[in-house]
Structures are given as structure tokens and as C-alpha cells.
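Please open the model in a viewer and keep the selection tool at hand. The stops below are arranged so that each selection leads to the next.

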Amino acid sequence: MPSLGADMAEGTLVQWNVKPGDPVKRGDIIAVVGTEKADIEVEVYETGTVERLIAKPGEKLPVGTPLAMIRVEGEAAVPAVPEAATVKPVVRLRASPMARKLAQELGVDLEKVQGTGPGGVIERHDVEKAAEQAVKPPTKPETPAPPSEPQASMRHAIALAMARSNREIPHYYLSTQIDMSKALKWLEGFNQPRSIENRVLPAALLLKAVARGLMQVPELNGFWIEDQLKVSSEIHLGVAISLRRGGLMIPAILSAQQKSVEELMAGLRDVITRARSGRLRSSEITEGTITVTNLGDLGVETVYGVIYPPQVALVGFGKIVERPWADQGMLGVRPVLTATVAADHRATDGHRGAQFLQALDSLLQEPEKL
Amino acid sequence: MTETEVRQAIFDALGQIAPEADPRKIRPEENLREALDIDSFDFLNLLIGLHQRLGVQIPEADYGQLTTLSALVRYLSSKLPASGM
């Protein structure tokens, strides 16, 4: 059972896509696993032959439990779905794998089910509702529905991760105000000749500044594992994305330090779209080395974040607001952004956190160099 | 294109972004982003969707005007050829 996040303790095998004796090659999707947040298709990491299927569909298993044995070409059989297993997005257009399986078990015709997922996708609770309605017609007037199972599961997963964070991580918080005049002016000129599809939002520019800032203060980019800081050489920016039906996911834009502002914008649009339609890959869910959360759209000015373990920092951005700003004895009005960092005091001290915010400010004063 | 057709195009574009919402329930002067809980990415996607549906160019400088359904209808209608009806 692959681990798909700090908050995942177990998963349910939904279905096998292979049987004993089937040849498989690296990257093939061999199974579907249900987690608290989504159903995910699991890839195999070895090329060989399926020797034995150990887990049965419907079984709930702890992370790390072997699901199957794969005989690698010329070697002894190895457990399939190792910890590093990755998954591919669920590409079914109309119904999630769990919904399909449940529909088959309950004898529900998916053609007659109204999907309530993103884009009308039929989800497990839609099938359960359809099955329930088929056996007992409603006798009461409509009452507010309790949270659906997926919402409750999502809440539970978030609760586990955040409780662990508050229990284990000694947070410290720092904030600074950044004059965004130059950054916004530069962005305006950058966007002016571009078609609407290729325009860049300030959020992407901020991600670029974070990636560059982390190159100057790498101790904020990594994990606290086995009582020590493990700095990551790659910067995988986890971006907190709220889902329209409630809850949030933190997919990562991988190797952000190598991406241009335009590429970060494209990456951001891509992960937001797929997070909201339930089509994320496990590598995106599990590999974030730091989290960035931007609540400016909701009018929030300052974000005091909770670190997503085992990461060691979270960068928060609020709304860009016009503020009186004194500069070299002159008072003017400037667009001002409050940037914060919540960091793990086991991994860094406030001095390094402050240097990161200072770097962020400096970088945003020379946006053309980002 | 009539205002009704423009409004329908907006509803269709919103349907892609907020499928769970019923945009017909939005009051004309209500703030669209607040009413539908649309963030800046969704808003950009809405404008991209309208550009693709209607062929209207929407400069970034005009985004600030497009806060309500009625403002959006007025803006797009003024950029489109009249229906002749």
C-alpha cells in the first residue's frame, strides 16, 4: 500500500487491473487504491510478471503492506507497489473507480445516476444515494444533508495532519510587508502583449520569488525526519488549493527552481484544475518540500499557517492592499503585500526565517530578474 | 448577439468553473466572485472561457470593471456586434 501523504495511515484496494501471470512494465497501472481524499490509480515500478496478488479488492490495509508480488525479469519476486510507487491520474470521465465498483455491487445503473463531483463526475456517495433511493422512496420533506462521506474523510485526513503538526512541530512565525509597486508594474508590462490565455497572475510571480528565496535559505526547504533536518536539493512547491466541495489539497509544482514565471503560472493552473477535478498524481501529493498558501483572494491580509509535516516551513501570502508607505522621507500610497513564514524551530531559527523574508522582499523589488 | 445570449454564454462559462452553483440565482448587481466563491484563477478561467466563446478581447486593465453579472453583460455586449433585432 503506497503512502500518499503524511496523513495517510491506510488505504483500500479498490480493484486490480492485472491478474497472476500478466506481464507488466514500469509505469503500467496495476491497481486502484482508495484514500481518504481520492481514488488513485497505482503504477508499478518494475518490469516483470505478476507472480501473486496478495491483497483482495475491498481490503483496507496499512501503508507499507505488500499488495502483490512481481517477478522482475531475471530476479526473484519482489513486492509490488513499493513505497515510492507513483500513480497516474484517474482519467475516467464520468465515474470514479470506487463509484463504478460500488455500482456493480449494488446493481445501480450508472447511466441513471446524477454525478455531483467536479464536472458532473459520479462519485461513491452518488451511487450510495441512488441505491438508497431505489429501495426506499423519500417519505420526509428535504432536510439539510449531513456532510457526505468524501467530505468527512477529507476533514479527517486534514485533522490528522494538522493535529500531528501542532503536536510535534514547535512553530515560529515571522511576517513582513512588501511594497509590490515594482512587481505589479512589471507584471502589467509582461502581460500587456500576451493573449488572455497566457497572462500571468501575481500568485505565479510570488511562487517564483519563493523558489529563488529558498535557494538563498535552503534550510526552509526540506523535511524533519528522524530528529534531523534533511534539506531537499529540489524545490517542490506545495500549493494549498481549496476544493469547491470543501477541504483542501496541497499538490506540488515539481522542480520549481527550474521553472520560469510563465511555466509556474502554467503549472499552477494545471494543478488547480486537476486538484478540483480529482485527477492528481501521487508524486504531486507526496513530494512537496514546502507549502505556499495564498488567501489574498478572500481578503485576508496576514496568514499564520500550520506546517504540513514532515515539511519544515510554510509561506503565507495575504491580499495586496493599498497602504500609506514612507520611503526616503516621502509619504505615498503603495500596493502592499504581507508575507509570512511559519517555520519549524527544530530545523531553523528566526534569524534564517527573517533572512528568507528579506530575500523575498529584495527579489520582488527586481521582478525583471526573477 | 442579444443580451440574453451574452448572459447565457456567461452562465455556460460559469458552469465549467462552478458546476455545483446555479448562476441564474445570482442577482445582477451581486459580486460574482463572492457569490460563487471564485478565486483569481477561476475568474481568469471565466474570462478565458468568455474570450473563447465570444471572441472578445478583454485587456487586463478592464478586469476591475467586471465584478457583477450586469457589468459583465454590459461590457461584453458593447464589444460584440449588435444582433439587429
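Select Glu197(A) to begin; this residue sits in the loop between α4 and α5 of chain A. Helices here are DSSP runs of H or I with at least four residues, strands are runs of E with at least two, and both are numbered from the N terminus. Glu197(A) is exposed because 12 other C-beta atoms lie within 10 Å. By definition, a residue is buried if 20 or more other C-beta atoms lie within 10 Å of its own, exposed if 12 or fewer, and partly exposed in between, with C-beta atoms placed from the backbone.

The model is predicted: local features need pLDDT of at least 70 and side-chain atom pairs count only at pLDDT 80 or more, while totals for chains, interfaces and linings use all residues. Residues are numbered from 1 along each chain as its sequence is written, and chains are lettered from A and ligands numbered from 1 in the order in which they are written.

**Chain A as a whole**

Now select α5(A) and α6(A). Their axes lie 8 Å apart and form an angle of about 115 degrees. Axes are lines fitted to C-alpha atoms, for helices over the stretch in contact, and angles run from 0 to 180 degrees between N-to-C directions. Which residues meet where α5(A) and α6(A) touch? From α5(A) come Ala203(A), Ala204(A), Leu205(A), Leu207(A) and Lys208(A), and from α6(A) come Val261(A), Leu264(A), Met265(A) and Leu268(A). Two residues are in contact if their C-beta atoms, placed from the backbone, lie within 7 Å. By class, this contact of α5(A) with α6(A) has eight nonpolar, no polar and one charged residues. Ala, Val, Leu, Ile, Met, Phe, Trp, Tyr, Cys and Pro count as nonpolar, Asp, Glu, Lys and Arg as charged, and the others, Gly among them, as polar.

Keep Leu268(A) selected. Not counting residues up to four places away in sequence, Leu268(A) touches Ala203(A), Ala204(A), Leu207(A), Val239(A) and Ile253(A). Leu268(A) is also among the residues with the most contacts inside the largest nonpolar core, together with Leu207(A), Val210(A), Leu237(A) and Ala313(A); this core has 95 residues. Its largest share, nine residues, comes from helix α5 (residues 202-216) of chain A. Domain 1 (10-88) and domain 2 (171-369) of chain A each give this core at least three residues. A second, separate core of eight residues includes Ala103(A), Val108(A), Ile122(A) and Val127(A). A nonpolar core is a set of buried Ala, Val, Leu, Ile, Met, Phe, Trp, Tyr and Cys residues joined through C-beta atoms within 7 Å.

Move to Arg100(A), in helix α1 (residues 97-106) of chain A. Is this residue buried or exposed? Arg100(A) counts as buried because it has 21 C-beta neighbours inside 10 Å.

Select Ser255(A), in the loop between β16 (252-253) and α6 of chain A. The phi of Ser255(A) is near 50 degrees, a positive value in a residue other than glycine. Then find Pro309(A) and Pro310(A), which are joined by a cis peptide bond with omega of about 5 degrees. Pro310(A) belongs to the loop between β17 (290-294) and β18 (313-317) of chain A. Most residues other than glycine have a negative phi, and most peptide bonds are trans.

**Where chain A meets chain B**

Finally, show both chains. Their contact takes 15 residues from chain A and twelve residues from chain B. On the side of chain A that touches chain B, α4 (181-191) and α6 (261-276) each supply at least two residues. That side of chain A divides into five nonpolar, three polar and seven charged residues.

In chain B, select Asp37(B), in the loop between α2 (32-36) and α3 (40-54). Asp37(B) has a positive phi, near 55 degrees.

Note on methods:
Domain bounds come from an automatic or database domain assignment.
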